[in-house]
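Here are my notes on this one, written for someone opening it for the first time. Have the viewer ready and follow along point by point.

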Amino acid sequence: MTKITFQGNPLNIAGSLPNIGSKAPNFDLVGDDLSSITLNSLKGKKVLLNIFASIDTPTCAIATKKFNDDAAKHSDLVVLCVSVDLPFALARFSQENNLSHIKNASAFRDKNFGKDYGVEIIDGPLKGILSRAVVLIDANGSVIYTEHVSELADEPNYSAVLKKL
């Protein structure tokens, strides 16, 4: 079990992030148009999972905008912005902010995503949503970078993940 904090208060997370070098677990997330997005459908591309609690929080919004800007510089990269927000909220945010280099991916239907990736908050007032993490998957489906942000209100280490690209 992983432990993080939210504004200094402890939260427990189901499991832990996938190990570097392991095959990334498949998922079945929901895109803006309610279509299915699976890891298998992205084979042959690098995939950056920007996992977060809710697009309607300041830090999640900042990270999503930053990863959109970074994705514009890497044509071989798919950035999936993953939360349990409904696809409509994710699409609204992207439209309002002219974000065209990311793909939104809601985990509201995939009840295993949070457990498989070790990001499901299992107690406290945020129980059931996802913690902030970054997972970078290579074109062969292997995990090459992970970061579990220890304080939910903090941003990820952008430069560390970009170095892996």
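1. Start with Asn98, which counts as exposed at 67% relative accessibility. (Exposed means over 50% relative accessible area, buried means under 20%, and partly exposed is in between, with a 1.4 Å probe and protein chains only.) You'll find Asn98 in the loop between helix 2 and strand 7 (102–106). Helices (H or I, at least four residues) and strands (E, at least two) are DSSP runs, numbered from the N terminus. Asn98 is not a glycine, yet its phi is positive, about 50°. Most residues other than glycine have a negative phi.

2. A quick word on the source: this is a predicted model, where local features need pLDDT of at least 70 and side-chain atom pairs count only at pLDDT 80 or more, while totals for chains, interfaces and linings use all residues. Residues are numbered from 1 along each chain as its sequence is written, and side-chain values use heavy atoms, with hydrogens and water left out.

3. Leu34 sits in the loop between strand 3 (28–30) and strand 4 (36–38), and it is partly exposed, at 40% relative accessible area.

4. Leu34 also turns up in a nonpolar surface patch, together with Leu86 and Phe88, of about 300 Å². Patches are made of residues with over 30% relative accessible area and no salt bridge; like charges are joined within 9 Å, and nonpolar side chains (Val, Leu, Ile, Met, Phe, Trp, Tyr) within 5 Å. The areas come from the Shrake-Rupley method with a 1.4 Å probe, and for residues only the protein chains shown count as cover. Phe88 belongs to helix 2 (residues 87–96) and is exposed, with a relative accessible area of 53%.

5. Stay in helix 2 for a moment. Arg92 and Glu96 both lie there, four residues apart, about one turn of the helix. They form a salt bridge, with the closest N and O atoms 3.6 Å apart. (That term means a side-chain nitrogen of Lys or Arg within 4 Å of a carboxyl oxygen of Asp or Glu.) Arg92 is partly exposed at 30%, whereas Glu96 is exposed at 55%. Ser94, also in helix 2, is buried at 7% relative accessibility. Its C-alpha is 10 Å from that of Cys81, 13 residues away in sequence.

6. How many salt bridges does a search of the whole structure find? Five. One of them pairs Lys46 with Asp76, the closest N and O atoms being 3.5 Å apart. This pair links distant parts of the chain, 30 residues apart: Lys46 is in strand 5 (residues 46–51), and Asp76 is in the loop between helix 1 and strand 6 (77–83). Asp76 is partly exposed, with a relative accessible area of 38%.

7. Glu120 and Lys115 make another salt bridge, at 3.0 Å from N to O. Elsewhere, salt bridges that share partners join Asp56, Arg92 and Glu96 into one network.

8. Now the largest pocket, which holds about 160 Å³ of space. A pocket is an open set of points on a 1 Å grid over the protein atoms alone, where a 1.4 Å probe fits, with protein on both sides within 12 Å along at least five of seven lines; lining residues have an atom within 4 Å of a point. The lining includes Phe6, Leu126, Arg132 and Leu152. Helix 1 (residues 58–71) gives the most to it, with three residues. By class, the lining has eight nonpolar, three polar and one charged residues.

9. Arg132, from that lining, is in the loop between helix 3 (113–116) and strand 8 (133–137). Arg132 is buried, at 2% relative accessible area. Ile121 lies in the loop between helix 3 and strand 8 and is buried at 0%. The C-alpha atoms of Ile121 and Leu11 are separated by 6.8 Å, though 110 residues apart along the chain.

Conventions:
Grid points are joined across faces, edges and corners, and a volume is the space filled by probe spheres set on the points. Ala, Val, Leu, Ile, Met, Phe, Trp, Tyr, Cys and Pro count as nonpolar, Asp, Glu, Lys and Arg as charged, and the others, Gly among them, as polar.
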